[in-house]
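Open the model in a viewer and keep the selection panel at hand. The stops below go from side chains around rings to strands and their partners.

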Amino acid sequence: MMKIDIYDPDQYLAGIPHDQFAWLRKHAPVFWHDHPDGSGYWVLSRHADVTAVSRDFKTFSAQRGFVMVDDLPADILAMAQNQLLGMDPPAHGPIRRAVIARFTSRKLAELEPLLRETARNIMQSAPTAQEINFVEDLAGDLPTAVICSLLDIPQDMWPQIRRWSDLQTSGSDPDLGGTAEDVAQASLEMGTYGYQLAAERKGKGGDDLISLLIDQEVDGRLISEEEFASLFIQLTVAGNETTRSLISSGMHQLLQRPDLYQQLAKDPSGLPKAIEEMLRWTCPLHYFRRTATCDTEIRGQKIAEGDRVVMLYSSANFDEEVFDRPLEFDITRDSNPHLAFGHGIHLCLGANLARMEARLFFEEFFKAFSGIESLGAPQYIRSNSIHGFKQMPVRLIA
């Protein structure tokens, strides 16, 4: 039997540990994995099982233990459960509908000119003929600008929002994170800032996302400023991290295959399919967790009430039963039911916004630059949950 350790963040320093995931899919699709706290959790590596558990929110709760594999202290868990991704119905539905109202096809079409102008300005201000870190110096700027604009956050706070976000998602990486106290402090400060914005805008009838949510009724009452603080953290972190990973990892795949880069640069109409393949391939989140609400079974394996169940998206996206030639990066792939945005009632709220951001980024990039040169291998974030680069040295060619 292969030694399986997919908890240790060091296992992800070279990217997705495809050999371990492939072994799990073939030999143990429902696998009991030891946890450093002395307990353990179930790992689901097959696409069919991940989608089935995602749909069955009554048996597999996001709220009961939140979505991270590590159990949270009671006070932090209570805060996390105010995030949409940590809510079960019925509280989940009304808030999700309020947020999703900002991401309809019509709203996105209205947003596109502003987003395109933002992307164009980012390209115009990017330095050429010198080494830059593509992740921080280019790929991260558009997602930060977009989510902060939707929330109407003052521009002088945008760098701080990104720093708080990075601390909370990359705390296990010594280059990006800090101590556990630093991470907790970042969460507290970010939530406090969200609380202040909510308090300022409550009942004022504004059109930004904060105003929309703080005046939203759930179960016959308005969301409190305290509840909104947790929701604010989710929206800003998700808006920053995952799209930045998609853009930078997607560009890296194109740099590895210059023929595909040239193909898209000459004909950007192929970008929508290419971005779906980038999503499948890069999968910005390795997993989310659920907690069993009763005794149940998966593939005949008994699961006890209270057991942790981890849905391994970055394995499901390479499931041989679903994807033809899964280890081939194919930007013309027709059937691509990847799980990069999750599945079921917790499907990523900003999925179509992220798609549009990535498309506009690449369209404007191809217009602004005649090429891009890799100056070294990218470095992955040391994390068992976030899949993305922290360093990607490149030179832009005007």
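Select R257 and W281: R257 lies over the face of the W281 ring, at 5.7 Å from the ring centre. The model is a predicted one.

How are the rings of W281 and F318 placed against each other? Their centres are 5.5 Å apart and their planes stand at 65 degrees, over the 60 degrees required, so the pair is edge-to-face. Colour by secondary structure for the next point. W281 belongs to helix α13 (residues 271–282), while F318 is in the loop between α14 (313–316) and α15 (351–368), so the pair ties together parts that are 37 residues apart in sequence. Is W281 buried or exposed? Its relative accessibility is 14%, so W281 counts as buried. F318 counts as buried as well, because its relative accessibility is 2%.

Next, select F365 and F366. These two form an edge-to-face aromatic pair, with 6.3 Å centre to centre and 80 degrees between the planes. F365 has a relative accessibility of 0% and therefore counts as buried. F366, at 11%, also falls under the 20% limit and so counts as buried. Now extend the selection to F134, Y261, F361, F362 and F369: ring pairs link these residues with F365 and F366 into a cluster. Across the structure there are 16 aromatic pairs.

Move to S315, in helix α14. What does the side chain of S315 reach? The backbone oxygen of S45 is there, at 2.8 Å. Show the surroundings too: leaving aside residues up to four places away in sequence, S315 touches F21, R25 and S45. With a relative accessible area of 0%, S315 counts as buried because the limit is 20%.

Now select strand β10, residues 308–312. How many of the five residues of β10 are buried? Five of the five are, and the strand is mostly covered. In a regular strand, side chains alternate between the two faces of the sheet.

Strand β2 (residues 40–44) runs parallel to β10 and is joined to it by three bridges. Within this pairing, L44 stands opposite M311. Strand β7 (residues 287–292) runs antiparallel to β10, with five bridges between the two. Here, R289 stands opposite V310.

For the last stop, hide these strands and select β4, β14 and β11. They make an open sheet of three strands in the order β4-β14-β11, with antiparallel pairing. Which strands are the edges of this sheet? β4 (131–133) and β11 (371–374) are, each pairing on one side only. On average, neighbouring strands of this sheet are turned by 40 degrees against each other, with direction ignored. Zoom in on β11 and β14 (residues 393–397), which run antiparallel and are joined by four bridges.

How values were computed:
Residues numbered from 1 in each chain as written. Predicted model: local features only at pLDDT ≥ 70, side-chain atom pairs only at ≥ 80, totals over all residues. Heavy atoms only, no water. Pairing = 2+ DSSP bridges. Axes fitted to C-alpha atoms, helices over the stretch in contact; angles between N-to-C directions. Phe/Tyr/Trp six-rings, centres within 6.5 Å; stacked < 30°, edge-to-face > 60°. Buried < 20%, exposed > 50% of the residue type's maximum accessible area, 1.4 Å probe, protein only. Lys NZ or Arg CZ within 6 Å of the ring centre and 35° of its normal. Polar contact = N/O pair within 3.5 Å; in protein donor to acceptor, adjacent residues only side chain to side chain. Contact = heavy atoms within 4.5 Å.
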